[in-house]
Amino acid sequence: MLRLGRGASVEPEVDLSGVWYDGDLVRVGEIRIGAGATVGSRSTLLPGTKIGKNAQVAPGSAVEGAIPAGTRWAGAPAARLGKARRTEERAARSRLWVGVYALSAVGLSLLPVAAAATGLAVLLAMGSWWALPVATVAGMAVFALVTLVSVRLLSICLHPGQYPVHSRPAWQAWATGRLMASARVWLFPLYASILTPAWLRALGMRVGRDVELSTVLALPSMTSVGDGAFLADDTMVAPYELDGGWMRIAEARIGKRAFLGNSGMTAAGRKVPKDGLVGVLSATPKKAKSGSSYLGMPPVELRRTNETGDRSRTYDPPWRLKAARALVESLRLLPATCTVALAVLSAGALLQLAQAYGVAVAALAGGPVLLAAGALAAATASLAKWALLGRIARGDRPLWSSFVWRNELADNFVEVLAAPWFAEPWLGSAPLNVWLRSLGASIGHGVSCHTYWLPEADLVSLGDGACVNRGCVLQTHLFHDRVMSIDTVDLGAGATLGPHGVVLPAARIGAHTTVGPASLVMRGEDVPEGTRWFGNPISPWR
């Protein structure tokens with residue numbers, strides 16, 4: 001379903017699947033990327049997309065149809081900006097560097113194995129189930145140490161500039177990106193915590209005082225974050241850019257008290273200005289004035305309403321609140337320990353079966369054992385949610401409050417325990433719907449849900465036959481000005497949300513309405529039933 005021309009460049013996290021579910025239909029089509037074409041990070045190519053030779057698609061774009069050769073496109077939906085920009089001749093290729101990249105990919109993939117082996121060695125040495133927390137910490141510590149040393153070494157002599165992909169600086173940037181993405185998965189309890197700034201400083205990022213950082217992806221040595229800034233979930237800062245066999249590396253800056261929203265991007269060479277805001281699923285513009293706010297792909301300036309609140313609960317917490325938050329966040333070791341315990345239990349059960357009945361029986365029992373482990377993981381995450389939070393209600397909560405910390409702890413049970421063991425294997429299935437209901441979501445009959453990103457599930461309602469595609473976020477909260485504002489998200493019967501779509505709080509998608517891929521439904525928006533919409537933010541789709 002995918003054809004790549006010679007010398008085509010595809011940056012990280014591009015959706016090239018060529019499939020999405022549109023109500024009762026499955027839309028499938030071949031995707032063609034011509035020779036020398038470039039597709040930017042986090043772009044989504046709809047089925048049937050054809051990108052011509054030497055064309056350029058900017059990061060975060062959503063593309064459907066045909067893009068002529070030698071043109072430049074950007075936005076969601078993508079619009080033509082003009083001719084493609086070519087400043088260099090095509091870079092030379094090297095078989096040596098092809099081998100270096102291949103061997104590096106294999107080595108990086110073995111890093112989790114080395115960490116797991118360390119944890120297992122500690123567990124066997126101590127010989128007790130009580131050693132599980134120690135083994136978990138040991139494994140995570142090894143992973144963190146290797147990541148830290150590797151990222152710091154890779155940052156040596158890495159400077160802004162434009163380099164051939166087959167060169168030392170480009171390889172350094174690529175390997176650093178892979179390590180950072182892997183760390184966000186295997187060290188998830190460390191992110192969106194009071195320790196995150198210290199961790200990223202250790203990796204080489206310049207981070208100011210009183211900064212809040214969530215699950216950010218960045219090239220640390222190319223990133224600076226000013227005092228009091230806030231980077232929300234899944235932000236991407238200073239990613240490398242590819243074009244014609246060249247890689248561009250440049251610094252990116254987040255200004256003092258700036259805000260970069262969920263899945264927001266700040267490209268290499270750009271800056272979120274002081275007191276500025278770049279919203280959910282949005283890109284930082286080239287030139288932004290202090291205090292300005294932007295939303296969308298391409299970004300459009302908008303008015304910003306500042307939230308008011310007790311500064312001791314937002315920007316200037318006393319030490320007692322910092323200590324309380326640190327105590328709650330230390331409990332994030334629990335879901336990590338639980339996932340290690342499940343791995344040990346599953347492996348032990350299969351080993352016992354192999355010893356008692358033979359390898360063939362153990363192999364046949366592998367499926368049921370993993371199903372049981374997944375069900376236990378899902379049940380544990382659900383119990384943790386109700387024990388920590390109960391039923392979640394609409395309202396505003398400041399950052400420095402017990403609810404926010406407990407909510408993050410419950411999310412760790414989902415991301416670290418339930419997601420790998422249960423949610424990801426069951427995406428789009430009836431068992432996932434059952435589990436989402438156990439978290440408090442209202443899920444109708446015949447719902448096809450291909451995501452588990454329902455941050456406050458109690459406030460999500462999916463009508464009969466609704467369809468939520470892969471990578472979607474039913475974003476029931478926003479975090480502007482360090483105040484967590486929570487509200488409902490409602491999809492009517494038969495409604496569809498395309499891949500990588502985001503619906504903001506207090507929004508409703510009407511019955512039998514389709515919102516296309518990579519689209520953003522604004523806060524409080526009521527999308528009429530029986531209509532079709534597409535874009536970031538959405539507009540009528542014809």
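Student: Which residue does E241 form a salt bridge with, and how far apart are the closest N and O atoms?

Tutor: E241 pairs with R248, and the closest N and O atoms are 3.1 Å apart. Keep in mind that this is a predicted model.

Student: Are E241 and R248 buried, exposed or partly exposed?

Tutor: Here you compare the relative accessible area with two cut-offs: under 20% is buried, over 50% is exposed, and in between is partly exposed. E241 has 22%, so E241 is partly exposed. R248 has 32%, so R248 is partly exposed too.

Student: Why does the pair of D234 and R184 tie together separate parts of the chain?

Tutor: Look at where each partner sits. D234 is in the loop between β19 (230–231) and β20 (236–237), while R184 is in helix α4, so the bridge ties together parts that are 50 residues apart in sequence. You can read the cover of each one as well: D234 is partly exposed because its relative accessibility is 24%, whereas R184, with 17%, is buried.

Student: How many salt bridges does the structure hold?

Tutor: There are 20 salt bridges. Another one of them joins D227 to R209, with the closest N and O atoms 3.3 Å apart. D227 sits in the loop between β18 (223–225) and β19, and R209 in the loop between β15 (206–207) and β16 (212–213), so to speak two distant parts of the chain, 18 residues apart. R209 has a relative accessible area of 59%, so R209 is exposed.

Student: Okay, on to rings. What describes a pair of aromatic rings?

Tutor: You give the distance of the centres and the angle of the planes. This structure holds 11 aromatic pairs. In one of them, the rings of W97 and W171 have centres 6.5 Å apart and planes at 45°, so that pair is tilted. W97 lies in helix α1 (residues 95–109) and W171 in helix α4 (residues 168–186), so the pair ties together parts 74 residues apart in sequence. W171 itself is partly exposed, with a relative accessible area of 23%.

Student: Which residues do ring pairs link into a cluster?

Tutor: The cluster holds W97, Y101, W171 and W174.

Student: What about charge on the surface? Which residues gather in a patch of positive charge?

Tutor: R6, K53, R90 and R93 come together in that patch. Take R6: you'll find R6 in the loop between β1 (2–4) and β2 (9–10). R6 is exposed, because its relative accessible area is 72%.

Student: And where is C449, and is C449 buried or exposed?

Tutor: C449 lies in strand β32 (residues 448–449). Its relative accessibility is 0%, so C449 counts as buried.

Student: How far apart are D24 and A466 in sequence and in space?

Tutor: They are 442 residues apart in sequence, yet 9.3 Å apart from C-alpha to C-alpha. D24 is in the loop between β3 (19–22) and β4 (25–28). With a relative accessible area of 81%, D24 is exposed.

Technical notes: Residues numbered from 1 in each chain as written. Predicted model: local features only at pLDDT ≥ 70, side-chain atom pairs only at ≥ 80, totals over all residues. Heavy atoms only, no water. Patch = residues over 30% accessible without salt bridge, like charges linked within 9 Å, V, L, I, M, F, W, Y side chains within 5 Å. Areas by Shrake-Rupley, 256 points an atom, 1.4 Å probe, with all protein chains shown as cover. Salt bridge = Lys/Arg side-chain N within 4 Å of Asp/Glu carboxyl O. Lys, Arg positive; Asp, Glu negative; His and termini not counted. Charge placed at Lys NZ, Arg CZ, Asp CG, Glu CD. Helix = DSSP H or I, 4+ residues; strand = E, 2+ residues; numbered from the N terminus. Buried < 20%, exposed > 50% of the residue type's maximum accessible area, 1.4 Å probe, protein only. Phe/Tyr/Trp six-rings, centres within 6.5 Å; stacked < 30°, edge-to-face > 60°.
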